[in-house]
Amino acid sequence: MITIKTLPDTQLSCILSSVLPHNKEHLLILGFIADNKLILLTGNLKQIAVPLDIFKPSGTCSPDFDKFELIDYGHTIQFGEYEASSDVVFKSCDHNLECPFCAFPATIDSRGEIYCSNSHESCVFQPRAKNLEEWNSICGLRSSEV
Ligand SMILES: [Zn+2]
């Protein structure tokens with residue numbers, strides 16, 4: 001069964017009635033989980049989908065996908081105790097990041113570090129970068145080798 005979650009009414013109406021396009025573009029107003037993906041709608045009614053495996057456990061806290069909520073005026077995605085900034089989603093789908101060595105989707109953690117989500121056994125290089133710029137240079141190195 002699919003449960004669609006939205007922001008609380010007051011937050012939702014605040015975003016939808018905002019005249020600032022930037023506000024709407026970078027806020028999440030609705031979402032649900034289907035086929036191991038998180039499907040989301042932004043304040044400007046654009047649909048985006050990201051694989052659930054971009055949400056990696058941080059410290060002792062693992063995402064509980066049965067407890068999905070959108071909070072904080074669409075700035076935060078909550079899975080039980082686990083919280084991720086909506087930026088994680090936008091970074092992941094804007095750039096459609098994938099490992100240049102094994103083509104697995106790349107993951108961005110809560111500190112903004114980007115790394116290959118593949119297991120160590122099947123991706124020998126396990127690239128990791130502190131930011132998008134560094135990640136792109138790793139990808140660039142790879143493509144100039146070929
Ligand atoms: Zn890889």
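Q: How far apart do the C-alpha centres of domain 1 and domain 2 lie?
A: The C-alpha centres of the two domains lie 24 Å apart. Domain 1 covers 5-92 and domain 2 covers 106-145, with bounds from an automatic or database domain assignment. Residues are numbered from 1 along each chain as its sequence is written. This is a predicted model, where local features need pLDDT of at least 70 and side-chain atom pairs count only at pLDDT 80 or more, while totals for chains, interfaces and linings use all residues.

Q: And how many residues are in contact between the domains?
A: 8 residues of domain 1 are in contact with 5 residues of domain 2; contact here is C-beta atoms, placed from the backbone, within 7 Å.

Q: Which helix gives the most to the domain 1 side?
A: That's helix 3, residues 86-95, with 3 residues. Helices are DSSP runs of H or I with at least four residues, strands are E runs of at least two, and both are numbered from the N terminus.

Q: OK, new topic. How many helices and strands are in the chain?
A: The chain has 4 helices and 10 strands. Its radius of gyration is 16 Å, close to the 15 Å that the globule rule gives for 146 residues, so the chain is as compact as a globular protein of that length. That radius is taken over C-alpha atoms, and the rule is 2.2 Å times the number of residues to the power 0.38.

Q: Now the sheet: in what order do its 4 strands come?
A: The order is 1-2-3-4, in an open sheet with antiparallel pairing. Pairing requires at least two DSSP bridges between two strands. Strand 1 (5-6) and strand 4 (47-51) are the edges, each pairing on one side only.

Q: How many bridges join strand 2 to strand 3?
A: There are 6 of them, and Leu30 has Leu41 as its bridge partner in strand 3. In the hairpin of these two strands, with 2 residues between them, Asp35 takes a positive phi near 50°.

Conventions: Two residues are in contact if their C-beta atoms, placed from the backbone, lie within 7 Å.
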